[in-house]
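Colleague: I've got a model open on my screen and I'd like to learn how to read it. Could you walk me through a few features?

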Amino acid sequence: MYISSELKLSLKTDKSREKKSSVSAATATEYHLGLLKAKLAKYRAQLLEPSKSSAAKGEGFDVMKSGDARVALIGFPSVGKSTFLSLMTSTASEAASYEFTTLTCIPGVIEYKGANIQLLDLPGIIEGAAQGKGRGRQVIAVARTADVVIMMLDATKGEVQRALLEKELESVGIRLNKSKPNIYFKPKKGGGISFNSTVTLTQCSEKLVQLILHEYKIFNAEVLFREDCSPDEFIDVIVGNRVYMPCLYVYNKIDQISMEEVDRLARRPHSVVISCGMKLNLDYLLEKLWEYLALTCIYTKKRGQRPDFTDAIILRKGASVEHVCHRIHRSLASQFKYALVWGTSTKYSPQRVGLTHMMEHEDVIQIVKK
């Protein structure tokens, strides 16, 4: 069958037009979705803000921050939070087989590796907590101030509970086990929107970024993408009140499920399986908690004396000699001459170091003043 060259050419052009139209339709859909996400985030934030006219009734959970770190226990009612607090600390929290036994925030202290870790037993969260159901707002507000969140889940119905709790915390700006998006964003007085990226972007484009910024009434800004981020992550950067924190998913009541199910849950990322009733695997949970808190113990030494291993200085991982000086006394850094350090952070022991030297876990330090 003979096909003329004119017909071939027309078929080719039709195909290329179809391709172009499908590509443009796909990009248009992406822009539309990005814009809708921005609007949703904006309206959700307005909904969650308590109305100024109606004064907040009832007491809050204003627990004074104490110890070296703060850990919040979050979970549905009757999953074993109070039992866990009573086992781990010397504080007795009322535990019973009915829901909502705990009605306020009960603090306890875990003493581990020389550190005092404040553990907060919060009332059970129910679906719709972010909208204020069942004192959910106060519970989530306390969770935002914690260094690590322990999400207590019932091993018999863990998957459903985990998804619901993640959704509740996500809606109030708590991002679990996520790092802050590597986006530089700075609003300006004038000059329009300056957009740049150091990587190839597959999820965001300049047009979409402009549309999202316009939705937030931002017409002059500097934006630099240092990693391939989604529109949701860019919205988080614009809003700027998101909290990024590590979370441990703790599956309790493993004595009520099969060994295969226990093995499956234990292999999930950021997960630990325990049984408060039979006191199973609690020591491993403490080890994981220490790892997630990223704390380091530093011991001090006086000249001509042995190191004091009874009283450690607890600091965050990545702390320098200057941080140690500030922890001992605020005027010590100004009188600092040099320090001698023994431990894994040095090439040889003792090593003479300055204020910028990074300390590691269980290092020993001797500070020499001017």
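This is a predicted model: local features need pLDDT of at least 70, side-chain atom pairs count only at pLDDT 80 or more; totals for chains, interfaces and linings use all residues.

Colleague: Are Phe-185 and Phe-234 buried or exposed?

Modeller: Both Phe-185 and Phe-234 are buried. For another edge-to-face pair, look at Tyr-299 and Phe-309, at 5.0 Å centre to centre with 75° between the planes. That pair links strand S12, which holds Tyr-299, to strand S13, which holds Phe-309, and the two residues are 10 apart in the chain.

Colleague: Why is Tyr-299 called buried?

Modeller: The cut-off for buried is under 20% relative accessible area. Tyr-299 has 11%, so it counts as buried.

Colleague: Now the sheet. In what order do the six strands come?

Modeller: The general idea is that strands of a sheet pair through backbone hydrogen bonds, either parallel or antiparallel. In this model the order is S2-S3-S1-S4-S10-S11, an open sheet with mixed pairing. S2 and S11 are the edge strands, each pairing on one side only. On average, neighbouring strands are turned by 25° against each other, direction ignored.

Colleague: How many bridges join S1 to S4?

Modeller: Five, and S1 and S4 run parallel. Ile-74 stands opposite Met-151 of S4.

Colleague: What about helices: which strands does H2 lie across?

Modeller: H2 lies across S1, S2, S3 and S4, at about 155° to S3. H8 lies across S1, S2, S3, S4, S10 and S11, running at about 165° to S10.

Colleague: And how do H2 and H8 sit relative to each other, parallel or perpendicular?

Modeller: Check the crossing angle: 65 to 115 degrees counts as roughly perpendicular. The axes of H2 and H8 come within 12 Å and cross at roughly 85°, so the two helices are roughly perpendicular.

Colleague: Which residues meet there?

Modeller: Phe-84, Leu-87 and Met-88 from H2 meet Leu-282, Leu-285 and Leu-286 from H8. By class, that contact has six nonpolar residues, with no polar and no charged ones.

Notes
Residues are numbered from 1 along each chain as its sequence is written. Side-chain values use heavy atoms; hydrogens and water are left out. Axes are lines fitted to C-alpha atoms, for helices over the stretch in contact, and angles run from 0 to 180 degrees between N-to-C directions. Helices (H or I, at least four residues) and strands (E, at least two) are DSSP runs, numbered from the N terminus. Angles under 35 degrees count as roughly parallel, over 145 as roughly antiparallel, 65 to 115 as roughly perpendicular and the rest as oblique. Contact means heavy atoms within 4.5 Å. Ala, Val, Leu, Ile, Met, Phe, Trp, Tyr, Cys and Pro count as nonpolar, Asp, Glu, Lys and Arg as charged, and the others, Gly among them, as polar. Two strands pair if DSSP finds at least two bridges between them. Buried means under 20% relative accessible area, exposed over 50%, partly exposed in between (1.4 Å probe, protein chains only). Rings of Phe, Tyr and Trp (its six-membered ring) pair if their centres lie within 6.5 Å; planes under 30 degrees apart count as stacked, over 60 as edge-to-face and the rest as tilted.
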